[in-house]
Amino acid sequence: MPSVKLFPNTDVSNSPAWTISSGSDVWAMLDDNDTGHISSDGSDIEATASGKTCIIGFYPPVEYGISGFGDGWTNSLTAVVKHNNRNRGNSYTIRMSMLDSSNNEYGPGGGLYVEDVTQSAAASWITTAFTPRTTSDGSSAWTKDEVNTIRMKIHLTAHTGGTTGVTWAYYILNYTEPVAAVTDNAVFFGSNF
Amino acid sequence: MNNQQWIDGALTETDTDYQIAGVTFLDKEEEVYLVKGVELLCSQLSPSSVLEFGFGKGFTSTEFQRQGVTRHVILEPNTELYQAALTWKANYSTDIEILNIFSWDYEGGETFDLVYNDIQQFTLDDNDKHESQMKKILPEGQWYAGWATEVNDRQVDDYPIFFELNSKLYAQSLMKWMQPKRFGA
């Protein structure tokens, strides 16, 4: 089953604001891997206190050459966030939420596709792949429109000190292209069946 | 806390941690996995010379000596811990040098098989000052380790050494200075 990374392409909100290391767009800090050594990454968002919250939108699959992407194609969506706090002795918690186009949380009953990662300070970037989600609500397959408009909220819910940074965020879309139905009288390789 | 308070601060010990001027710089539970991390670093790199930032209680310094390091430079800015380091040094016949300075005041001029960074940051500028100085004195590609820390999985950049203790997963950080290696790359 093929997979593709969906990268952010738009800001929905940033309040209380993460500090943007360069420019004015959160998504532009999170749409690619770190720019170098952890001590000199010029493309991340940072915070020195908890509460910072941003919401970003993502490129739809068609932007990655998946033409004809439609309902029933999606096997799973996995949120990935790359983060760090290199101030020894500190810890932090990042809450990732999968949101729809109205900023409602996906998941059974809403709000269950919200996951925390709690991490002690480390000297290197740490990548967290959250739970792959095979449905949007616990039972229904992801629709084309849901995938095309999915958002992500990144919320620093706990922070004991130092600087917490996030340098990359994306969704992994695992999909299967439906096999075209072949009818009895369809022309196939020039022959009638 | 400012840096002068860190220099002058007295060491206190609680049931769970060690503090300078009331600020925790080492949790007691860290000892076992910090030391294990150093053991694994030495097993992998076999360093004979080590530059170590931060003596603290000497747990990692002791392990470096146990692992056979023969040239060992240790920087410890706190006065009380520095004195403790001098006392500790008397137990060894190897080439150990203890300097009572911050890492950003270290001018380099010597090459090491391994740099081990376990500094405690007390202001938000400390990391910037430390790393700015390291960029001046360390060659790119220098083996550079940090402290071991508990992780949820193995998706960590650079060259971490993973190990398990008491059913918990830890990563002993290890990188090549200014030559990042991305997880999965």
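## Strands, sheet and contact in a predicted model

In chain A, the antiparallel strands β7 (residues 91-99) and β10 (residues 151-159) are joined by 8 bridges. Strands here are DSSP runs of E with at least two residues, helices are runs of H or I with at least four residues, and both are numbered from the N terminus. This is a predicted model, where local features need pLDDT of at least 70, side-chain atom pairs count only at pLDDT 80 or more, and totals for chains, interfaces and linings use all residues. Residues are numbered from 1 along each chain as its sequence is written, while chains are lettered from A and ligands numbered from 1 in the order in which they are written.

Let's look at the strands of chain A. Leu99(A) faces Arg151(A) in β10(A). Both β7 and β10 belong to an open sheet of 5 strands in chain A, ordered β2-β5-β10-β7-β8 with antiparallel pairing; two strands pair if DSSP finds at least two bridges between them. At the edges stand β2 (8-14) and β8 of chain A, each with a single partner strand, so one side of each has no neighbour in the sheet.

Now for the contact between the chains. Chain A brings 24 residues and chain B brings 27 residues, where contact means C-beta atoms, placed from the backbone, within 7 Å. β8 (114-120) and β9 (126-129) of chain A each supply at least two residues of the side that touches chain B, and β9(A) gives the most, with 4 residues.

Here is chain B in brief.

| Property of chain B | Value |
|---|---|
| Helices | 5 helices |
| Strands | 10 strands |
| Box of C-alpha atoms, along the principal axes | roughly 45 × 40 × 35 Å |

How values were computed:
Contact = placed C-beta atoms within 7 Å.
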